[in-house]
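Subject: Structure handover

Hello,

My notes come below it.

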Amino acid sequence: MEASCLELALEGERLCKAGDFKGGTAFFEAAVQVGTEDLKTLSAIYSQLGNAYFYLKEYGKALEYHRHDLTLARTIGDRIGEGKASGNLGNTLKVLGRFDEAVVCCQRHLDISQEQSDKVGEARALYNIGNVFHAKGKQQLWGCTQEPGELPSDVRETLQKATGFYEMNLCLVKELGDRAAQGRAYGNLGNTHYLLGNFVEAIKFHRQRLSIAKEFGDKAAERRAYSNLGNALIFLGQFNTATEYYRKTLQLSRQLRDQVMEAQACYSLGNTYTLLQQYERAIDYHLKHLCIAQELNDRVGEGRACWSLGNAYVSLGNHKQALHYARKHLDISKEIGDRNGELTARMNVEQLMEALGVNESDLSPSSSEFEMQGNTQEVDCFLRNMDRRSRNQLSQPGKRKGYPDSQSSDERPWLDSPVDADDITVQVTPPKLGRDPSDEDCFFDLLSKFQSSRMDDQRCHLDETQNGDDTEGAANTSLNEMIDPAITTSPQTEELFDLIASSQSRRLDDQRVSVGNLPGLRITQNNLGHLVGEGDHQEPSDDFFNMLIKCQSSRIDDQRCSPPEAGPHAPTVPDEDFFSLIQRVQAKRMDEQRVHLPSDDQDSSQSPDQEPPGDFPS
């Protein structure tokens, strides 16, 4: 049985390292079913399963197994293992948007690493804390209307914390001589300075990142560095240099056969050539973006491409083609429920129809002359792309199985290291802040028996109706008026409350974690001495209680109303959609590119083709 469990776990690890995470998790789960009495082996399986589910984006299960790993590590007194499990929990919580809890876990990893003189663990913990603050700052920026560099004080403070931890990480990995980790630190410092509006500093760090990526032959990291350099140069007004970097980004994306990144590079090139007023070249790249978006069924990306093509054709004075793409933008915006895009497209369509002197009856899809012209161009573009892809498939060897191109071999944490989550490009919608159903129990439930009084504090007191705030206060008032005060103060009532409290206490005890409930653990005489018995309660330190209190307080926030979700996700549109920001920064320059349609009463201050701002870089 023991050999079978170990063999299953080793096969699961082999599959995960080959990039087959789904197959790997199946073997790991089978190993857990077989079970083992070897506590170190079981801890490693928990860690591996948590990491595998993280890569599969099943974050609820990732949390579950990292919690098991933390529980087991604390039970057997494995301080290094406890630190790594805390770090893995922090990375997973970060992706879920639970930043306060994530910081607490990563700080725990840092404290234990420093206590154990584990320099490698300390460097990882510093990096992970920087990642949490960086992600938190990006989330705070969603929907922010400030111009680049002009940030609210809380956002600036969060991002400056991120740079502080990245700088400490960089100093330590230089001391350790870890060049790959230095590259990651340089890249994230560049990204954070970009968000802060320090574009010159961002360029300095991204050039360092590019140099190390070339040193390791890491094409995916090289592509990211070129793209980030182009983004920063855009805000410095160096458009020609930016196009050179975007072209290199496009070339590497094609080498890596990454259609999503290829589309994003085309989108960036199209917008940059628009800024350079080279509209023919802009149209060429926007058509390429449109073709890939259609192939990948990215309707949001299609809409953005049509919007950009409409603007470019207006600048060339080709109002027929502009109207064709404005109408497509309108149809797509209606389909995906993009209210802002629909209003923008509708205004553009109305103004272009007025300029052309046509009405809706003249624009039947079956009879429209310029509809057919537009579709022909898209078909030609699509055929050119298919022809190029066919040549690439003939000229390039098949891609070997393994990790995705977006992650280099030196950045793959497994058995003995936490997940470096920021090196994975996860194209997902911004996570909701609400709790996952699988997260109902606090991951420190093992220790909640020491805080039973805190649980009592959180229960509802029936005699305090004034604390209801906005939540159905009228209903509470009417109910209290119907209750006889003598009933709530009688001795029998007190006995009833005592009975309820006792019953609730037993129910809470039933929900708490015990070592015997850990999946896959076979308790024998050999390992019994290493486990904390039910009657042998070891009081954690005050620091650990402080960490638990912070985590529990942040869980209260999970019950509050989450902010509005961002718009529909567009994989072929880069997160660093700088074009709408450039429109604010360079409003005068953009206005010069727009055509003034023949309308005497048109308000020249309007920007009907203004698109809502995009997200910021990863």
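This is a predicted model: local features need pLDDT of at least 70, side-chain atom pairs count only at pLDDT 80 or more; totals for chains, interfaces and linings use all residues.

Residues are numbered from 1 along each chain as its sequence is written, and side-chain values use heavy atoms, without hydrogens or water.

Whole chain

The chain has 26 helices and zero strands. These are DSSP runs numbered from the N terminus (helices: H or I, at least four residues; strands: E, at least two). Of the 618 residues, 49% are buried (under 20% relative accessible area with a 1.4 Å probe, protein chains only). The accessible surface is about 29200 Å², and 49% of that belongs to carbon and sulfur atoms (Shrake-Rupley method, 1.4 Å probe). Take the contacts between residues at least 6 apart in sequence: 70% of them join residues at least 24 apart. Contact means heavy atoms within 4.5 Å.

H2 and H3

Helix H2 covers residues 21–34 and helix H3 covers residues 39–55. They pack at about 150 degrees, with axes 9 Å apart. Axes are lines fitted to C-alpha atoms over the stretch in contact, and angles run from 0 to 180 degrees between N-to-C directions. H2 and H3 are therefore roughly antiparallel (over 145 degrees). Their crossing is left-handed (the near helix is turned anticlockwise from the far one by less than a right angle). On the H2 side, the residues include Phe21, Phe28 and Val32; on the H3 side, they include Ile45, Leu49 and Tyr53. By class, this contact has nine nonpolar, two polar and one charged residues. Nonpolar covers Ala, Val, Leu, Ile, Met, Phe, Trp, Tyr, Cys and Pro; charged covers Asp, Glu, Lys and Arg; the others, Gly among them, are polar.

H9 and H10

Helix H9 (residues 179–195) packs on helix H10 (residues 199–216) at about 155 degrees, with axes 8 Å apart. That makes the pair roughly antiparallel. H9 passes H10 in a left-handed crossing. Among the residues that meet are Arg179, Tyr186 and Leu189 in H9, and Phe205, Arg209 and Ile212 in H10. This contact divides into nine nonpolar, eight polar and five charged residues.

Thr243

Thr243 sits in helix H12 (residues 239–255). Is Thr243 buried or exposed? Thr243 counts as buried, at 3% relative accessibility. Beyond its neighbours within four places in sequence, Thr243 contacts Leu269, Thr272, Tyr273 and Leu276.

Regards

Conventions
Angles under 35 degrees count as roughly parallel, over 145 as roughly antiparallel, 65 to 115 as roughly perpendicular and the rest as oblique. Buried means under 20% relative accessible area, exposed over 50%, partly exposed in between (1.4 Å probe, protein chains only).
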